[in-house]
Amino acid sequence: MGFEPMAWWSEATRSIQAELRVQKNKHLTGLNICLIMKISKKVSSVEYAIRDIVSAAREIEQQGKKVDYLNIGDPVQFGFQPPDNVKQALIDSVKNGKNFYTQSEGLPELLDEIAKKENAKGLCIDSKNIVVTNGVSEGLDMVISSIVEDGDEVLLPGPYYPPYASYVRLHGGKPIEFAVNLQNSQPDIDDIRTKITTKTVAICLISPNNPTGLVFDENSLKQIVDIANEHSLYIICDEIYDKIVFEQKFTGIGKVAGDSPVIILNGFSKVHLMSGWRIGYIAFNDSPQLDMIRENLPKLARVRISTNLPVQYAALESLRGSQNYISEFVAELKKHRDYVVKRLNSMNNISCFNPQGAFYAFPKIESNPYNSDKDFVLELLKEKGVLTVHGSGFGTQYGSGHFRIVYLPKMEVLESAMDKIEDFVG
Ligand code: PLP
C-alpha cells in the first residue's frame, strides 16, 4: 500500500500525544484541539471497493445527475423479493413473541435443515458442526480471526471478493492471490504450488465466484483439496451462490472433501433473496483436523450473543418451503447475463468471457485511454452516470484492467446502461 496521509497523521498524532503524556508540557497541551486520535494500522488497511466507490456516485448525484447503480450485488434492491411464505415466517415469529436471544450457534431446527442442505451437496456434517452468523461476512471474520496470526499468509483466487483480503489484513495476515484462467474457469495449480510458503495457513475458494462468475468443476476442486492436504492447509470455500448457475453444473466442495479440513461459508443473501436480513452460516466438515477450531470458534459466536431470531425462522422456511422461486430467479438472471455479455462483446475495446454463475460480468478493458481501471470507472460515472466497480478493487494482480458490472437490474435499465457504456468506449 502507498502513502496514506490519514494513517501518517494518526501515527504522528500518537507520538505527540505520547510525548505530551510524558512531558506534561502545558505549552503543547493547546495543540490537543487539532490532534486526531490514532486508529490501528489494521483498520486503515480495510478496503471494500464495491461500497467505497459509492461516495463518487453521491457527488455526481449532488450535481443533479442521475446514476445507474450497477455496483452492488444485492438482488433485493433490484426488485427480487423473498417469497411470501418466507416473509410470513418472519412476521409470525415476531408476532408470536419469538423476539429473544437464541442459542449462539443458531436455532436447532435451522441447524438441522442447513445440515441436510450441505449433506445433500456432498459434505459430511452434523448439525452440531454449524454456526449461524450475521451473514457470510460475519462468518468470514470469525473463521479468519480463528486461524490467522501476524505474518500468516492466506491464498485467495485472483480476482477475489474484497472482504477476504480485508479480514486477512485486519487479523495481521497477508492475502496472496493465485491465478485463475478466466476463459475456462481453471485455477492455475502450478501457480498455487509456487505461492505456498511456510507461512501459508489456508486457501480460500469462492465458487461461483464474485467478481468473475466463474465456477470451479469437480476436477479443479479435487486438485485444490489435494494440494491443501499435502501442506496441511485449511480449505475455506464460499458457496453463497451455489444455486445460481447457468449451463455449468455446480459442484460443492463437499463432494471431493473426504475428511479434509474444509470449512464452508454460505448464506441466505443471494439464492434466498434475504440480503437485508443478514443471515449466513459456517459449516465444518467432519474432519479430525478441525477439532480445535470447531471447539474454539463458537466462543466468537457466544461473545456476540446470537443472530436475529425472527430471521432464523424465515431462513428455516426458505429451506423447507417451495424452491421454485429460485429457478425463476436464475432463469431471469440468465436472460440478463446473455444480453449483457453479448452487448459488451460487441463494444470497441471491451471483451467479456461468459460467466457461469452468480450475477456479475467482469469485462476486460482491452485498450484503456485512462491511467487505470479505476480512472476508467470514475470517468464512466462522471460522463454517463453508470456506476460499476474497478477490477483492481478485487485485487490488483489479477483484477486490474477490468471492471465489474452487476446485471441484476431490470432489462430496460441494463439496456440503457449498455447504451451509455457503448457510447463511452466509442
Ligand atoms: N461472499 C461472497 C462471495 C459475496 O459475493 C458476498 C456478497 O456480495 C458475500 C459473501 C456477503 O454475504 P452476506 O450478505 O451473507 O454477508
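User: What share of the contacts in the protein with a separation of 6 or more comes from residues 24 or more positions apart?

Analyst: The share is 74%, where a contact means heavy atoms within 4.5 Å. This is a predicted model, in which local features need pLDDT of at least 70, side-chain atom pairs count only at pLDDT 80 or more, and totals for chains, interfaces and linings use all residues. Residues are numbered from 1 along each chain as its sequence is written, and side-chain values use heavy atoms, with hydrogens and water left out.

User: How many helices and strands are there, and what makes the protein as compact as a globular protein of its length?

Analyst: The protein has 18 helices and 14 strands; these are DSSP runs numbered from the N terminus (helices H or I, at least four residues; strands E, at least two). The radius of gyration is 23 Å, close to the 22 Å that the globule rule gives for 426 residues, so the protein is as compact as a globular protein of that length. The radius is taken over C-alpha atoms, and the rule is 2.2 Å times the number of residues to the power 0.38. Along its principal axes the C-alpha trace spans about 70 × 55 × 55 Å.

User: Why is aspartate 68 called buried and lysine 66 exposed?

Analyst: Buried means under 20% relative accessible area, exposed over 50%, and partly exposed in between (1.4 Å probe, protein chains only). Aspartate 68 has 6%, so it is buried. Lysine 66 has 62%, so it is exposed. Of the 426 residues of the protein, 55% count as buried.

User: Which parts of the chain does the salt bridge between arginine 304 and glutamate 138 link?

Analyst: Arginine 304 and glutamate 138 meet at 3.1 Å, N to O. The pair links distant parts of the chain: arginine 304 is in the loop between helix H13 (291-303) and helix H14 (309-320), while glutamate 138 is in helix H8 (residues 135-147), 166 residues apart. Both residues are buried.

User: How do you know that arginine 337 is buried and aspartate 338 is partly exposed?

Analyst: Arginine 337 has a relative accessible area of 0%, so it is buried. Aspartate 338 has 33%, so it counts as partly exposed. Their side chains also meet in a salt bridge, at 2.8 Å from N to O. Elsewhere, salt bridges that share partners join Lys117, Glu118, Lys121, Glu239 and Asp242 into one network.

User: Why is helix H9 called largely enclosed by the rest of the structure?

Analyst: Six of the eight residues of helix H9 (residues 163-170) are buried, so the helix is largely enclosed. The buried ones are Pro163, Tyr164, Ala165, Ser166, Tyr167 and Val168. They pack against several elements, including H8, strand E3 (153-158) and strand E4 (174-179). Just after H9, glycine 172 takes a positive phi of about 90 degrees.

User: Where does arginine 404 lie, and is it buried or exposed?

Analyst: Arginine 404 lies in strand E14 (residues 403-406). At 0% relative accessibility, arginine 404 counts as buried.

Note on methods:
A salt bridge is a side-chain nitrogen of Lys or Arg within 4 Å of a carboxyl oxygen of Asp or Glu.
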